[in-house]
Amino acid sequence: MTEGPPPGSPDWPEQDLPASQPEQEPEPDFEPEPDFAPEPEPEPAAEPEPEPEFVPDADAPLPPGDEPPPEPPEGPEAPDARSAFEPWDPRRHLDRRRPTTAEQAVPWLIGIILAQTGMLIVLLALIFTGTGGVATGSPTPTPMPFTPLPSASAFSAEPSVSVEPTPIQPTPTPEPSFGPLEIVYLGRPSAAAPIDLLRRDFSVAGEPTVVKRIASGVDRMTWSADGRIGVALLSGSLLVLVEDQPERDLATGISAVTFGPDSTTLYAVRTVRNGANDTTSVLEIDVLSGGTTTLASVTYAHPEIVNDPPLVEAQYADNGGRARIWYTTSDSLVMYIVGAPTLYRVDAATGAVTNATRQPVLASPDRRWEIRIVKRSNSSSTIELHNRATGELQTSVVVSGLVSHVRWAHSSNEIVFTLGFLSSGGGVRQDLYVWDLQDGNAAAALTGNGASFGAEWLGSPQAWYE
């Protein structure tokens, strides 16, 4: 009977055993290893470049029941070493399969990605918070030496972190617009009624608007060059009239008033009697605040007043009455006081007083023309248009009555004036007329009630020169 293989030895086929084997010492008893087929030896031609595998620490203890296998026997039966790496041991790694090369590379790739992400975060933090970075408001960020980032221009543009707020500009007040024949003037509904301050555009049909009505009547009025503000003289008191605003009192004891070149400065005349003398002062008044300054004063003997015939007296009153003041193109004031020894010229800047030679002459807004009134008789006048540069007479018109209070339209082509004449009953009638200097026709009446005078064009500055 043939002796079988020792217990526990692998079942090798007989044909694979060597012809003669030396006696071996019996192997110690141990648990039989599970049947598994040895790993086939890879073909040399297809063997990929070996990658390092994880070699566990030999000194580290293994979990219970997972002791290492016994050392393989030495000698001819020892299996051939296939590589320098430890073979895959199912007893050590249980039934897990051996990881592929791609699976072993995943942790390395994750580590590389995390490292690059950390570098990018650090770089962005330096850009936005470092010295000279974007967050500090520096116009040029500190350059970073990390070249693999995208384009350098993405970090070199000058940031705009703090922008100065644009100051809010106040909305400018639009320039007022007026009709081609829009004027303010004085009038009364009947001969015995008090004088009203009226407004109307005569280029359209309609009735005038009452700007101010008072029991004692309106004595004088004037309007700013831009037409925004009016001032009425009511029994010696100055009243400021601004559309959509309440009326305001400025001063008392006033006999004449005019605006300066703007809408905020007003010049007024105040006369006070002192025994045998009169003292007349020129006041500078701020229309907005009401602040008043005495610009100049003159003293003279109190005059005796003699009245003229009714029509001449009406003309005289319409031209300004016993106290008049003009603001001239030379930035000075000319003051006329009935009974005073002379005309006074007052420097608007210094208040210096000198003698004037004549009353100012009214020029057109473009300064090319001037109007001269020639009195032919107490019932007839001639209006003459002269060239200012040469003095040459351009045209003229004869009207029946006495002309007063001439004012230029802003177009420099028309004038409005008061024409006074005696009625059949002996009373004085005054109406407004307009003369178009271009059409060559005679002056045309604007009113016909016999009680309209003292017109001022709205938005048309008047140019008085000495």
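1. Basis. This is a predicted model: local features need pLDDT of at least 70, side-chain atom pairs count only at pLDDT 80 or more, and totals for chains, interfaces and linings use all residues. Residues are numbered from 1 along each chain as its sequence is written, and side-chain values use heavy atoms, with hydrogens and water left out.

2. Confidence. The chain averages a pLDDT of 78 (the predictor's confidence in each residue, from 0 to 100). A score of at least 70 is reached by 66% of the residues. Residues 75-85 stay under 50, with 10 contacts beyond four places in sequence; contact means heavy atoms within 4.5 Å. Residues 131-161 are also below 50. That stretch has 34 contacts in the model beyond near neighbours in sequence.

3. The sheet. An open sheet holds 4 strands in the order E8-E9-E10-E11, with antiparallel pairing. Strands (E, at least two residues) and helices (H or I, at least four) are DSSP runs, numbered from the N terminus. Two strands pair if DSSP finds at least two bridges between them. E8 (254-259) and E11 (292-301) each have a single partner strand, so one side of each is left without a neighbour in the sheet. Neighbouring strands are turned by 20° against each other on average, direction ignored (axes are lines fitted to C-alpha atoms; angles run from 0 to 180 degrees between N-to-C directions).

4. E9 to E10. Here 10 bridges join residues 265-274 to residues 277-286. Thr265 has Asp286 as its bridge partner. Ala268 stands opposite Leu283. The hairpin has 2 residues between the strands, and Gly275 takes a positive phi near 70°.

5. E10 to E11. This antiparallel pair has 9 bridges. Thr279 stands opposite Thr299. The hairpin has 5 residues between the strands, and Gly290 in the turn has a positive phi of about 85°.

6. Thr258. This residue lies in strand E8. Its relative accessibility is 12%, so Thr258 counts as buried (buried is under 20% relative accessible area, exposed over 50%, partly exposed in between; 1.4 Å probe, protein chains only). Leaving aside neighbours within four places in sequence, Thr258 is in contact with Thr222, Leu266, Tyr267, Ile325, Trp326 and Tyr327.

7. Helix H4. Buried residues in H4 (310-318) include Leu311, Val312 and Tyr316. Just after H4, Gly320 takes a positive phi of about 140°.

8. Asn387. This residue is found in strand E18 (residues 380-387). At 18% relative accessibility, Asn387 counts as buried. Its side chain reaches the backbone nitrogen of Ala389 at 2.8 Å. Not counting residues up to four places away in sequence, Asn387 touches Arg368, Trp369, Glu392 and Gln394.

9. Aromatic pairs. The whole structure has 4. Rings of Phe, Tyr and Trp (its six-membered ring) pair if their centres lie within 6.5 Å; planes under 30 degrees apart count as stacked, over 60 as edge-to-face and the rest as tilted. Tyr185 and Phe202 are tilted, at 5.9 Å centre to centre and 45° between the planes. Tyr185 lies in E1 and Phe202 in the loop between E2 and E3, so the pair ties together parts 17 residues apart in sequence. Both Tyr185 and Phe202 are buried. Phe417 and Tyr433 have centres 6.0 Å apart and planes at 20°, so this pair is stacked. The pair links E21 (residues 414-422) and E22 (residues 428-436), with Phe417 and Tyr433 16 residues apart. Phe417 is buried at 1% relative accessibility, and Tyr433 is buried at 18%.

Methods. A polar contact is a pair of N or O atoms within 3.5 Å; within protein, one must be able to donate a hydrogen and the other to accept it, and residues adjacent in sequence count only if both atoms are side-chain atoms.
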